[in-house]
Amino acid sequence: MTELSRPAVARRERLADAVELSEQVLSRLGRQGLTRLSRAAVVELRALVQTAHNGGLVKLERTFEGLATTVEHYLDRDPNFRPERYVDRLNRAWLLLEVARRVHEAGGDPSDHPEALGEYRRTYVPLEAPLTVQALGASGWVTDSGFVGITVHLRGGERTYQLSNARPVDYFGSDPQRLLRMPLSEYLSTTIQDLAHGAFTLHRAKLAWDGRISVGAELDVRPAAWSGAVYDDCTARSWREAAELLRSQLTPLEGAPSRLVLLTPQRWSGFVIDEKRSLATLTLRDAADVALAVEVPLRPENNLLIDNLQQLVRMPSLRPPALYGRLRVEGGLRFEPLTAVYGEQRTLQDRGSSHSVNEVHLALEDVGSLR
Amino acid sequence: MSLDFEPVRGEPDPSTLAAGQVRNWLAEVDEAVGRLFVAGLAHPPQDLGPTFELLAHRAATLGAPTAQQGLDRLAHQIESLSPGPPDREQRRVLADAALTEVMGFLTWLRLFRGQVDLQEAGAAAEVEAERDDVPRYTGRMQVLGLYLDGDRLVIVGRDEAGQPLHAVDPLADVDPLDPCGSVVISRLLQRPLALLDLLDGQLEFEGHPFGQARHGRLLKPAFRAVPTLRPHTASYQGPDRLVVRWSDGVRLSDPQVVVRPLLEFNLCKLLCHEPGTAALDVTLQVGRTETRLLRAESALGPLVPAVDARCWAVHPTQLEGWLAEADDWTRAAASLYGGLQPAPAGTDWRFQWLRTQRGERAEPSDAPLGKGIDAFDHVWRRYVLQGSLKRSLLEGRLSTTTLGSDPDPFEVCARALVLHLADPEAARIYLSAHLETVSIDADVLVWMVFAETRMRVLEQPYGLDLPVHPQRMRWAHRLRAWRAGEAAEGLGDILAWGATSGWAETVVTPL
């Protein structure tokens, strides 16, 4: 057996410490119950966040953060506290700990299992062969940590990829639309909007294990042939098919499954702004008249998305035959649309220029400017 | 190592459950488990053991034996803890065992809940056929010809009954000045395509949605329907095909065909070969306001002179002579550069370029520049450029002695090229001294020299995509690198080209 290097031995020791300490704290939480917890438990959980960090257990670290917040809510008598959430986080932490223990017992390293245990910083590997991808949809987002960005979801071969552009809110504001016309990098003339509407061959791309593509100085982007068939693997003609698409995503670790799908609604109705739940909702029905709830959180970066959905409900002529977005199951199917997909090309008027597009990215482009 | 994680016993099987009752049961299980973790496993409320037993019984009634077993075991362990042994260590051991049990059950429950949600969503009635009230075309289209409207290709054809059909295809990766010279990406066919292949083929459509336009049915790229291109050798012999005579760009026979710059230039070349009057067997599209030339027949096969700059090649020597002798050679150049890019009045770079060539200082517009620059791989454009630059030098406009105090960047580069022939070091010093003042954004001609140089040195088109910001950044990086004495990529190529090009014959007074 090969002898481990000194840093590897140190990593293993930190992993063992993290597993042992986490087990002790979780057991104590379970034994004592919330009623016997004090502020010291929150401090202990926050310290455990650091321990998990040192052990390379990223997902566990984040779960402990959530757990500490939930306990704090309980101690503060916060109305946001939900016992189910506490139990769920405790269970998730327990599962992640079980995986970490198995990795340790097998002599492995958490960084070898980023999909199960997470990773701090993605490792991007250069691709030798060109990668041909086509945009499926795009979303705009703002993080609590102060970043605004756009993620373009791409399909290439049998895989789905993501290419993101993120900028600090302090310098670029909190409106993702402002990034849409930016070049992918200072070395490329292709804008994010270009990439979000077509097919491209990426030369010298770098790829992470989870399908994220890095935009670096070496990346070169060339147009490629577009195909409607890229949506085939994620298309659901009915909500029954949509549920089947989710079934394969159901795992004990992740719980409620979600995935990006293309839905073909037959009827749209009931657009409501639900301020109590901070959601914009509407109902999509399939050909069998089964309802599916669309839910979009009321956040500033979703303003255009919500306006677009309202327009689509109000103006049938603008409605696309298909919507691409994230479907999840949570007490029923819930759908958050990202992109309206049209069967024929439409002209999108955009700041004096016009583009022929099949897709309108609802958080980034105004569906009302379609001609 | 496998990380397949199965801490639960038995597969979630919601298939026998009645959905409405399951929701109530799940809510009650959640509530009981929540109470357990609020109170603590070491001190469970006394009523929780019977509660879990009851829930186990209901699980059995609902048809979930795995849940029943899990809840039974949980109830048993909870009961052993309430009131349980007084010894603290024994209580800890029992509580830890109960924790393992409840965590296993919760993991099962997590999967089960997802399965129930999915089953409910999938329990709806079978989907009926999708509503489809879109008119669809199934049949063949014989391609009569094509023309470009910006980047959109319009394919004109007829169906099997002879009725007009049009297809519109927004092309990608198209060289707007030489679309037939390379493979373009067709959105209609959803694949790369050589445009001339369309002339030799027919398109087969199946269930392709269409709309009505002025000229007849109009087909656009569709999401699912993709036509197939099949070879078709029989040439079209309909009423739209006739012989038209041309003489010096003037039509001799009706109908009046619209002659745009590229077609005009091609006809000029045709007339180089056939002085006087040239006869052309063409297929026309006669519209209400204009008549388009869709294709022309030749001994080598069909041509698209309104689209393809390569029609009727002229020998380089002949073209050089023509350019040298022509009174209005700029018109030919304009035809080439202008090609297929109509631009609003006042922004068309080719005319500004021509004005600059004539010594009229004009601030070039950079809007349509990139597309023009990209097209430098065509031999005719190279000759025209070279000819025009030579002429400028011979006429002394680019001579170093006439260079003003605020030189045009093109002049700077051109002069550096000439200087390089005599003294490369002097050229380097000269360029580094003057390019500090170059405004990259507003300079068309530097790019022309640059692109041409790349072509000459590398024998391949340089994929300039001006004038967007990142390309200018790239240009700026190259300038900096060159000034720092790095490899001659980019601007350094200009000097290399000077040494290899025919400019050696040009006599210009050195500095």
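Which residue is the bridge partner of B:L203 in strand 8 of chain B? I took this as my starting point in what is a predicted model.

**Entry 1: strand 6 of chain B.** I looked up B:L203 and found that its bridge partner in strand 8 is B:L229. Strand 8 of chain B covers residues 228–231, and I noted that it pairs with strand 6 in the antiparallel sense, over four bridges. I then turned to strand 1 of chain B (residues 136–149), which is joined to strand 6 (residues 201–213) by six bridges and runs antiparallel to it. Here B:M141 is the residue that stands opposite B:L203. I recorded B:L203 accordingly with B:M141 in strand 1 and with B:L229 in strand 8.

**Entry 2: the hairpin.** I followed chain B from strand 6 into strand 7 and found a hairpin that joins them through two residues. Strand 7 comprises residues 216–219, and four bridges hold the antiparallel pairing with strand 6. I noted B:F210 opposite B:L219 in strand 7.

**Entry 3: chain B as a whole.** I counted 16 helices and 13 strands in chain B. The chain has 511 residues, of which 52% count as buried. I next examined contacts between residues at least 6 apart in sequence, and 66% of them join residues at least 24 apart. For the accessible surface I recorded about 22500 Å², with 51% belonging to carbon and sulfur atoms.

**Entry 4: the sheet in chain A.** I traced an open sheet of eight strands in chain A, with mixed pairing and the order 1-6-7-4-3-2-5-8. Strand 1 (125–126) and strand 8 (220–223) stand at its edges; each has a single partner strand, so one side of each is left without a neighbour in the sheet. Within the order I checked strand 4 (residues 159–168) against strand 7 (residues 212–214) of chain A, and the two pair in the parallel sense over two bridges. A:Q162 stands opposite A:R212 in strand 7.

**Entry 5: helix 2 of chain A.** I looked up residues 39–54 of chain A, which form helix 2 with 16 residues. From first C-alpha to last, the helix reaches 23 Å, close to the 22 Å expected at 1.5 Å a residue. Which of its residues are buried? I listed A:A41, A:V42, A:L45, A:L48, A:V49, A:T51 and A:A52. In an α-helix there are 3.6 residues a turn, so residues three or four places apart point the same way. The cover over the buried residues of helix 2 includes helix 1 (6–32) and helix 3 (58–75) of chain A. Just after helix 2, I found A:G56 with a positive phi of about 80 degrees.

Definitions and conventions:
Residues are numbered from 1 along each chain as its sequence is written. Chains are lettered from A and ligands numbered from 1 in the order in which they are written. This is a predicted model: local features need pLDDT of at least 70, side-chain atom pairs count only at pLDDT 80 or more; totals for chains, interfaces and linings use all residues. Side-chain values use heavy atoms; hydrogens and water are left out. Buried means under 20% relative accessible area, exposed over 50%, partly exposed in between (1.4 Å probe, protein chains only). Contact means heavy atoms within 4.5 Å. Accessible areas come from the Shrake-Rupley method with a 1.4 Å probe; for residues, only the protein chains shown count as cover. Two strands pair if DSSP finds at least two bridges between them. The expected span of a helix is 1.5 Å times one less than its number of residues.
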